[in-house]
Amino acid sequence: MPTLNLDLPNGIKSTVQAELFINNKFVPALDGKTFATVNPSNGKEIGQVAEASAKDVDVAVKAAREAFDTVWGENTPGDARGKLLMKLADLVEEHVDELAAIESLDNGKAFSIAKGFDVAAVAANLRYYGGWADKNHGKVMEVDTKRLNYTRHEPIGVCGQIIPWNFPLLMFAWKLGPALATGNTIVLKTAEQTPLSALKMCELIVEAGFPAGVVNVVSGFGPVAGAAISQHMDIDKIAFTGSTLVGRNIMKAAASTNLKKVTLELGGKSPNIVFKDADLDQAVRWSAFGIMFNHGQCCCAGSRVYVEESIYDQFMEKMTAYCKGLQVGDPFAENTFQGPQVSQLQYDRIMEYIESGKKDANLHLGGVRKGNEGYFIEPTIFTDVPHDAKIAKEEIFGPVVVVSKFKDEKDLIRIANDSIYGLAAAVFSRDVSRALETAHKLKAGTVWVNCYNMLVPQVPFGGYKASGIGRELGEYALANYTNIKAVHVNLSIPAP
Ligand code: ADP
C-alpha cells in the first residue's frame with residue numbers, strides 16, 4: 001500500500017494505486033483499513049486495497065456535491081462534457097492491454113476476451129455517451145399562442161452507483177457514461193472481489209481532464225460502504241447492478257431515507273428457445289455462448305434451454321461435444337474461453353446448486369472442479385429437470401445449464417415466462433414470423449433472435465419483473481439521470 005506493483009502473467013508491468021479515489025486524488029481510508037483482493041486462478045492474495053467506511057463515503061459525497069455545484073452539472077456545457085468522455089475512451093484504447101490484463105488477473109476472465117470484448121466495449125460506451133452529452137434536449141409543447149411551455153432535462157445531482165464483479169470495467173463504463181453525459185457527479189463503489197481495474201481507470205479520468213470531484217470511487221464491502229451510499233441523505237439517485245436480494249435492500253434504504261431515485265439491474269433465469277427449424281449448428285454455438293460466456297457469470301445468461309422434441313437428441317449431441325471442447329483454464333493462455341469463477345464463495349454456491357441438481361435431475365456433463373487450485377468448474381449440463389427444481393428456478397451464476405425438451409408451443413411460452421425474473425430470452429428459428437411472435441410473447445427486457453449476449457451501446461438493456469427497474473444503455477438510460485423540469489411562460493393570459 002498504497003501502490004501495487006503488478007507483474008502481470010503476460011509480461012505487462014503495471015501499477016495500481018490501491019486507495020480511495022476522491023477529488024481526483026488517491027487517499028487512504030480514514031480509519032486506515034484495507035482488505036485483500038484475490039487472484040481467482042490460484043486463490044492467492046494480489047494485494048491490499050483501502051476499505052471505505054461510511055465516513056469515507058461521506059467525504060466522497062461532499063466532494064461530488066461541491067463539484068456538482070461549482071464545476072460540473074450545468075456549469076460545464078454538454079459539448080465539453082462529451083469531449084472529456086471521448087478523451088477517456090481514447091485513453092482506454094491506448095491502455096487496452098494493461099486494463100485487460102488487470103481485469104483478467106483480478107476477475108479471472110480470459111485476457112483475450114477482456115481485451116477484445118470488455119475493454120473494447122468500455123471505450124465504445126464512453127464514446128457513445130460522449131456523443132449524447134450535447135444532444136439530450138428538452139421539448140417545446142405547442143399548447144396555444146398565449147403561452148410558451150417547454151421542458152429542461154436537468155442533471156439530478158450526486159449519483160451513488162454500486163457495481164458487481166462479473167464485468168468490473170464494463171459496469172463501470174455503463175454507469176459512468178450516461179451519468180456524466182447528463183451532468184451528474186458520481187460516488188461509485190466497486191465490488192470487493194474486483195477493485196483493481198476501476199482504480200486504473202481513475203488515473204485515466206485524471207489524465208482525461210475531468211475536474212476534481214466529478215468521479216469518486218470507493219472500494220469496500222456492501223453492508224458497510226454500499227449501505228452507506230444507499231442510505232446517504234445527500235445522494236440524489238442510486239443505480240445498482242447486482243443480486244435481486246441486495247436490490248431489495250437498496251430500494252428499502254432509498255425509501256426509508258431521502259427517497260433517492262432508484263434504478264436496478266438484477267438477476268435472471270433467462271429462457272432460450274430452440275425451434276426445430278433453427279440452424280442447428282448456429283443454435284448450439286450461440287446457446288453454449290449464451291450460458292458459458294464469462295463462466296456463466298452473466299445476469300442475462302441463457303440458463304434454461306428449451307429444445308423442440310424432434311431435434312432434441314441431435315441438439316444434445318452437438319451441444320455436449322461443443323461444451324466439451326471449450327477451453328477451461330489459465331486466463332492468460334491463448335485459447336482459454338473459460339477462466340475460474342470469481343471467488344471461493346461463488347464457487348461454493350455453484351457447487352451447492354450442482355449437488356441439488358444431482359438430486360433432482362440428470363447430470364449430463366461436467367459438474368466437477370477442474371484442476372486443483374483456483375475456482376475452475378467444468379461446463380455443466382443438466383437434463384430431465386422438473387420445472388420446479390431449484391436449478392430450473394434459481395439463478396446459479398455459473399457455467400451450469402438446464403436443457404429441456406418441448407412439444408407444445410403454448411405450454412412452452414407459459415413455462416418460459418413462469419419465473420420471477422424477466423431480464424432476457426432468446427429464440428432460434430429460421431421462420432421469421434414464428435421467431436418474432438415468440439419474441440413478443442416473452443416477458444423479458446431483451447429478446448435475442450438467432451443470437452445471444454449481443455450488447456451494443458445504442459440498444460437498451462434492463463429487466464421486467466424482479467430483474468430490475470429502469471434501462472441502461474441507449475438513449476433510454478439518459479432518462480435515469482435527468483430531472484424533467486416543466487416551464488410555463490405566460491405570454492398574454494390575464495390573471496383570473
Ligand atoms: P454477489 O452476491 O454476486 O456478490 P451482490 O449483489 O452481493 O452480488 O453484490 C453486488 C454489489 O453490491 C457489490 O458491489 C457489493 O459490495 C454490493 N452490496 C452487497 N450488499 C450490499 C448492501 N447491503 N448494500 C449496498 N450494496 C451492497
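1. Start with Phe315. Setting aside neighbours within four places in sequence, Phe315 is in contact with Val274, Leu280, Ala283, Val284, Ser287, Val305, Val307 and Val403. Contact here means heavy atoms within 4.5 Å.

2. A word on the source. This is a predicted model: local features need pLDDT of at least 70, side-chain atom pairs count only at pLDDT 80 or more, and totals for chains, interfaces and linings use all residues. Residues are numbered from 1 along each chain as its sequence is written, and side-chain values use heavy atoms, with hydrogens and water left out.

3. Now the core. Phe315 is listed with Leu126, Met201 and Phe210 as having the most contacts inside the largest nonpolar core, which has 109 residues. Helix 4 (residues 111-132) supplies the largest share of this core, 11 residues. Another core, of 25 residues, lies apart from it; Ala29, Ala50, Val158 and Ala225 are among its members. A nonpolar core is a set of buried Ala, Val, Leu, Ile, Met, Phe, Trp, Tyr and Cys residues joined through side-chain atoms within 4.5 Å. Buried means under 20% relative accessible area, exposed over 50%, and partly exposed in between (1.4 Å probe, protein chains only). Helices (H or I, at least four residues) and strands (E, at least two) are DSSP runs, numbered from the N terminus.

4. Look next at Trp174. Helix 5 (residues 168-181) holds Trp174. Is Trp174 buried or exposed? Trp174 is buried, because its relative accessible area is 4%. Beyond its neighbours within four places in sequence, Trp174 is in contact with Asn125, Glu265, Leu455, Phe461, Glu472 and Leu473. Tyr129 is 45 residues away along the chain, and its C-alpha atom is 9.3 Å from that of Trp174.

5. Check the oxygen atoms of the ligand. One is 2.6 Å from a side-chain N or O atom of Glu192. An oxygen atom of the ligand is 2.7 Å from a side-chain N or O atom of Ser243. For Gly222, a backbone N or O atom lies 3.2 Å from a ligand oxygen atom.

Key: Polar contact = N/O pair within 3.5 Å; in protein donor to acceptor, adjacent residues only side chain to side chain.
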